[in-house]
Amino acid sequence: MHSDEPMADRVNLTLAPTSSSLPDLRRAVARTLGEVDGEFVADVLLALDEAVSNAVRHGSRAGAPVQVSVDSDGEWVEMSVRDGGPTPRLPRLPAEPPPVLHTGGRGLWLILQLVDEVRLQRVGEGTRLIMRRRVSSRVDSLVGRDGDG
C-alpha cells in the first residue's frame, strides 16, 4: 500500500491487486472518517471492500495496481476505485439482486444498497467506479441522533 497524498479528509492509496491490502485500506478510511456515525462508516467500508474486491478479481488480472481515493467535504463522502484492466466491457449496474442460487454478481448490487450514487467509467483498458454517500440526510438532522426531535 502506498499513500499518495495524506490529508485529514482525503485518502489516496495505490493498492497491490490482492485482497491482503483490504485491512490497511479499512484502517486508513476509518481513521479519515473518524467522528462520523459508526453505521455510516461500516456502510462506506463495506462498499469499498466490495469495489476493491471486484477491481482485484475482475479488473486487475494483468497485475496493475488498484487506485483508491476517498474524499469527504463534511456532507458527502466520495469514493473512487480504479483498476488497470484489461476489462473487455463495462459491467452493468444491476436493477435487481442476483438469483439466490447464483454464485456471483452480488458486489455491485450490494454497493447500490449502501451508497446514494454510483457511476461506472471506462478509463484506458480499465474501469473506475465512483460512489457517493451523503453523511447525513435531512431527516437525520431534523430528528436528531436520539430520535426525540
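**Exercise 1. Work out how H1 passes H2 in this predicted model, and describe their packing.**

*Solution.* Start with the handedness: the crossing of H1 over H2 is right-handed. Next, turn to the geometry. Two packed helices are described by the angle between their axes and the distance between those axes. Here, H1 covers residues 22–33 and H2 covers residues 38–59; the angle is about 145 degrees, and the axes lie 10 Å apart.

Now list the residues that meet. From H1 come Leu22, Leu25, Arg26, Val29, Ala30 and Leu33. Their partners in H2 are Phe40, Val41, Val44, Leu45, Leu48, Asp49, Val52 and Ser53. Finally, sort this contact by class: eleven residues are nonpolar, one is polar and two are charged.

**Exercise 2. Describe the largest pocket: its volume, its lining and the elements that supply it.**

*Solution.* Begin with the volume, which is about 600 Å³. Then look at the lining, made up of 25 residues; Asn54, His58, Pro91, Arg92 and Leu108 lie nearest the centre. Next, trace the elements: H2, helix H3 (107–114) and strand E6 (126–134) each supply at least two lining residues. The largest share, seven residues, comes from H2.

**Exercise 3. Identify the peptide bond between glycine 85 and proline 86, and locate proline 86.**

*Solution.* Read omega first: at about 5 degrees, the bond is cis. For context, most peptide bonds are trans. Then locate proline 86: this residue sits in the loop between strand E4 (76–82) and H3.

Key. Residues numbered from 1 in each chain as written. Predicted model: local features only at pLDDT ≥ 70, side-chain atom pairs only at ≥ 80, totals over all residues. Heavy atoms only, no water. Axes fitted to C-alpha atoms, helices over the stretch in contact; angles between N-to-C directions. Helix = DSSP H or I, 4+ residues; strand = E, 2+ residues; numbered from the N terminus. Left-handed = near helix turned anticlockwise from the far one by under 90°. Contact = heavy atoms within 4.5 Å. Nonpolar A, V, L, I, M, F, W, Y, C, P; charged D, E, K, R; others polar. 1 Å grid on protein atoms, 1.4 Å probe; cavity = no way out; pocket = protein on both sides within 12 Å on 5 of 7 lines; lining within 4 Å. Points joined across faces, edges and corners; volume = space filled by probe spheres on them.
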